[in-house]
Each structure stands twice: as structure tokens, then as C-alpha cells.
Amino acid sequence: MNEPRTITGHRALRTAVRGPVTLPDDPGFDEARRPWNLAVEQPVAAVVEAADADDVAALVRHARSTGTGIATQPNGHGATGRTAGCILLRTGRLDTLEIDPVRRRARVGAGVPSGRVQAAAARHGLTGLPGSSPVVSVAGVALGGGLSWFGRKFGWVADSVTAFDIVDAEGEQRRVTGDSDPDLFWGLRGGGGDLAVVTALELALHPAPELYGGRVLWAAEHAGAVLEVYRQLTAAAPDELTLWFDLLHFPGAAPMVAVDATHLGAEREAKELLGPLDGLPRPLSDSRSVMPVSALGSITAEPTEPGAGLSRGELLTALDERAAGALLAEPVAPLLSVQVRHLGGALAQPSGSPHGPLTEPYALYLFGVPTDPVAAEAVTTKQRALAEAFPVSGRAPLSFLAPGEAIEKALPPAALDRIRALKHHRDPDRLFRSNFPLLP
């Protein structure tokens, strides 16, 4: 494709779609193309904020006619920078949210964040499957499989999706279910955004009449004792109880250790299950209480504004003495946090998604901030050293992959072969470009 035709095609976007279009020579282009993770450089040819699903369909038809790829993001939490030459499609304006409390269903637009679904569902004693952050889009989480506070009880977030509204590579709008298109439905439930543009999804909601949760925080000197209790608790935890162990070192603060907990059930039962934590030294703080499902984001209090970060995820085959030694051997700095999440329960059961069951009992998540190139190198070196010290399986959930990693780390070989064949069949021209492409 020659350059004049490319430029002309991108300018023609303004007549092809009704939503805002930002081109490289427009004021605000750098801000428009910037992902939520400011550590990721995201080169794109244009940015389109779709007004609605009809706009998405018009954009796809335009992109086909100009031979341009489309990278879809509500805000770019999982951005990897693999967007050169693409039109960046922002779906934030696709913000429909409908709750059907009788059927226990939510129809969720592609731009709707998890916290908004939780707030709406909570009014009916229901919950979606939220993760730690209330500002991440439900569609983005589901396309990546999705780990949740309640995954031990209900499985992958994707397992609760009952239908997708999509625009396919031909620019046609379709509703995809397990009956109407079982292959595509399977691929969308955790295979990433490489097969279609999802404009909305239907999600099964779950009863949540009672919830108890919060964070208990101690000085880092108690990390060994806290870890030992954490290991005991997770060895016998019912599926309704989820526990995360955190080693934390924030700028300007002393190192700390925390246990984050949610219990989908009565306060009395939760307190009994979590009783061993009360036998530990006096904590710095304890936020455990009865809480609405709309307040889950307050447990870890993750930033809700864009920022720079470097992450690495792994799956642990055990939280044994070797793992405990690796966690406690030295301070976590220059990382801000080292987190171990308890998995198991429904996550280890058969799943109708590309990921399949998570047989590993724990997930490891390592996070640091690259304030400058030297700090970035120190963070990645520390992450690599820690990952090599743990008993890891070599896999990670798709939503835990970092820029530079490949989808082979997330999906089993048989599932990867199947979904790649689906990509070849449904999008042979590679119109759709996800954060972690299915094809090399």
C-alpha cells in the first residue's frame, strides 16, 4: 500500500464513522493513543472512538477497504504496544448496562467497567465476577479468561458469559452463543480479542446475599508468621473463601505484609475461617468487615488513574518450603508488590474456554514501577530472579501476560492449535490485532 493512499484512507475515517477520529497531526493525538499503562508505547495510525455498534461495523468495513488492521481497547489496561500501523478503536462509548434480576443476567457494553456492573448488581443481591480493580472493562477481562475474587466459587469470568454481540471481519453484526456459533463462542471466552470486535456481552450474575472481606496489614518483620498462617488457611479453604498474600514496599514507607480476603457468605462463618489471622501479632490495620459487592475495589485500593507499571505473572505448582524461602529470602524492592493468589476450587474444574482448567494451586504476580531506564532494568531483573526461584509451571493466565510475552504461555497447545485454525478461517486477512496475537 502506498503512503498517499494510506493517508487518504485515514482522513476518510471522518466520513466513515460518527464517533470522534484523531489523526497523527491532530492536537491531542498522543493523549488519545496512550494506553492506561503509561510504560507502554503505543504507535497507531489513527484513533477512533466508536459511537455505537453500527459505528464499529462501519469502521471494520472501512479498515477492510484500506487494508488496515484494528486494535480494540476500552482504555488499554492490557496494552502491549503491538499496534503499529493499526487504527486504535476505543470502545468506551459502548456503555450500555442492563440488569435482569429475574434471569440473573447483565447485558454489558464493551466499555463498561467492572465497578459499574458491581454497583448495579448489588442492588439486587447479585454479583458479577470482579477482579481487584473496578476500572477494568468487563469485556476485556472476559476475553482474557478473567480471574476474579469469586473464581474459586464460579470459575473463570469467561465461564459466566452466555452471549457476545460482535462485529466480524466482514463488518457484519452478530450475536454469538454456544448454540449459534459454538466454535467462535468458545474462542471468545478467553482466547483474546483476535477473532472479532466485541461490542457487548451477556453475563450470568450470581447470588451474593452476604459478603465479608478486607485487608489485614502487618509490618514486614512478621512476614514469615503471616505466610505460614496463609499456607494453613489456603490448604483447607472452602470455595467461598479467597485469600491473597502480599509483600508490599511503597515509596516512602516501610516494607509491609498483607492478607486480602473475601468470603461469599455469613460474617460469623468468615470470622471463624479467618480466626488464625487473629492469633498473629497486632496488625498495623485491619479493614475486614461486612461489605457490599460494589466495594470490592477498596480491598487492595489499586490506582484508578493511568500510571506506568511493569508486571510479570506465573502459575505456581506449590506453595511449599522452596516457594516460602523465595518469598522471604530478601526484600521485595525494587518491586512495589509480590502477590500470591490462591486458586483452585472451580478454577481447577473443566472449563468450556481456551484456557481450560487451572490445575496450578496459586498464581504469582510481580509488579514494579519503571521510573527511569535504570529502575526498569532493576525491576525486570528482580522479577526474573524471583520467577526462577519459585516452582512455576511455565504458564500464566492471558490477563497476567506482560508486553513481550506470547500467547503460547497462556493457552494449552491443543487449544492454541484450535483457536489459530479459527483465526485463519474467520479473519484470514488478520484485520483484528489483539494485545497477544494468535498468529506469529
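Me: What strand order does the open sheet of 4 strands have?

Reply: Strands in a sheet pair through backbone hydrogen bonds, parallel or antiparallel. Here the order is β1-β2-β4-β3, with mixed pairing. The edge strands, each pairing on one side only, are β1 (21-22) and β3 (70-73). Pairing takes at least two DSSP bridges between two strands; strands are DSSP runs (E, at least two residues) and helices likewise (H or I, at least four), numbered from the N terminus.

By the way, this is a predicted model: local features need pLDDT of at least 70, side-chain atom pairs count only at pLDDT 80 or more, and totals for chains, interfaces and linings use all residues. Residues are numbered from 1 along each chain as its sequence is written, and side-chain values use heavy atoms, leaving out hydrogens and water.

Me: In which sense do β1 and β2 pair?

Reply: Antiparallel, over 2 bridges, with β2 covering residues 46-49. Look for Val21, whose bridge partner in β2 is Val48.

Me: Is Ser351 buried or exposed?

Reply: Buried means under 20% relative accessible area, exposed over 50%, and partly exposed in between (1.4 Å probe, protein chains only). Ser351 has 18%, so it's buried. You'll find Ser351 in the loop between β18 (337-342) and β19 (362-368).

Me: Which residues does Ser351 touch?

Reply: Contact means heavy atoms within 4.5 Å. Leaving aside residues up to four places away in sequence, Ser351 touches Trp156, Asp159, Gly356 and Pro357. The side chains of Ser351 and Asp159 are also joined by a polar contact of 2.8 Å. That term covers N or O atom pairs within 3.5 Å; within protein, one must be able to donate a hydrogen and the other to accept it, and residues adjacent in sequence count only if both atoms are side-chain atoms.
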